Amino acid sequence: MSRHPLFMPLILVGGLVFGFGLGFSHMARPEVVLDFLTFDDFGLLFVMFGGSIVAGIAFWTLPKLRGSAPLTGRPYGRRLKSFDRDVLVGGSIFGVGWGLSGICPGAAYASLGVGNWPILYAIGGMFVGAYAQGVWRSRDADDAPAAAPSDD
Amino acid sequence: MIDAAAADLLGAGTVDALFPNGISRYAIGGLLVGLGTVLIYLGTGITAGASTFLESTLSYVSGRSRFAQYRASRDWRVVFTLGIIGGAAVYALIYQGDPWSIADSAWTTEVSPWRLFLGGILVGIGTRVGKGCTSGHGICGVGSVSRTSLVGVATFLVVAIVTANAVSALGVGL
């Protein structure tokens, strides 16, 4: 598969800005997330709303300006996923894990970046959990064709 | 500047009570998280979330269909994650300890390993079953005004608040 030469550099730059933002917001620190969840500091609301508003403006305006993205030719669209029971079940399991540990995937990667090596326990756990659900949910599907392809 | 404006608007006492660490670090950090998402979207049209990396990376070592479906995106998801780690490391190098000095620039958590590991397992299961995490549902999905994502965020936020308060009320230490 051939990709535009700037594809990977852009992904890297986007990741760098994203990770710097998570570091700057202190969301890479589980303690800050736990303080938010126990109502000691509501600041994290600004991270989620700030981030989603910036993203929302881009998702709203770009499709009106151009049809497709320059590096991939992908049409500009929004992130829309189908709703079913999994969203509630998975969201609840994620919520218990987030409330117990104070860590979510993106913040965990950033936490490693700020030098927080014990976060490897959490990242290791995330791989164990992702593997377990994948094995469980592949059990019937392995005979059938793969499900809907993902972002490339 | 942001903090002074907030104090004028709400009164300094209210701001101190709700935001003991001020607002600016959160607001600026959040804008940058959004900006990183937008940069990738601008060039590629991809609305990138962080948790798919877990399954896409597992496709390097497992042929199971759940993981194999992400083969096409697994390389750039590794690059995205390395970028997140690198960007946070730049933050740490500048703002933690002396600027641009490795010495004392690492920060480590007091949250105990069992909470991190057990929580991590549940996060790994839940984000993948629930079709997204704090960035996929929280930033991209909410930014898309996706009803699925709004319900997803409300679900994990409420459950996390109940969990964190229950753990705290039971007197479990960090």
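**View 1. B:Gly141 sits in helix H8 of chain B.** Helices here are DSSP runs of H or I, at least four residues long, numbered from the N terminus. The model is predicted: local features need pLDDT of at least 70, side-chain atom pairs count only at pLDDT 80 or more, and totals for chains, interfaces and linings use all residues. Residues are numbered from 1 along each chain as its sequence is written, while chains are lettered from A and ligands numbered from 1 in the order in which they are written. Is B:Gly141 buried or exposed? B:Gly141 is buried because 29 C-beta neighbours lie inside 10 Å. The cut-offs are 20 or more other C-beta atoms within 10 Å for buried, 12 or fewer for exposed, and partly exposed in between, with C-beta atoms placed from the backbone.

**View 2. B:Gly141 has contacts in both chains.** Leaving out residues up to four places away in sequence, B:Gly141 touches A:Arg79 and, among others, B:Ser149 and B:Gly152. Contact means C-beta atoms, placed from the backbone, within 7 Å. B:Gly141 and B:Gly152 are 11 residues apart in sequence, and their C-alpha atoms are 9.2 Å apart in space.

**View 3. Helix H9 of chain B covers residues 147–169.** H9(B) has 23 residues and reaches 33 Å from first C-alpha to last. That is close to the expected 33 Å, which is 1.5 Å times one less than the number of residues. Buried residues in H9(B) include B:Gly152, B:Phe156 and B:Val167. The buried residues of H9(B) pack against H2 (30–37) and H4 (85–101) of chain A, and H8 (136–143) of chain B. After H9(B) comes B:Gly171, with a positive phi near 80°.

Definitions and conventions
Helix = DSSP H or I, 4+ residues; strand = E, 2+ residues; numbered from the N terminus. Contact = placed C-beta atoms within 7 Å.
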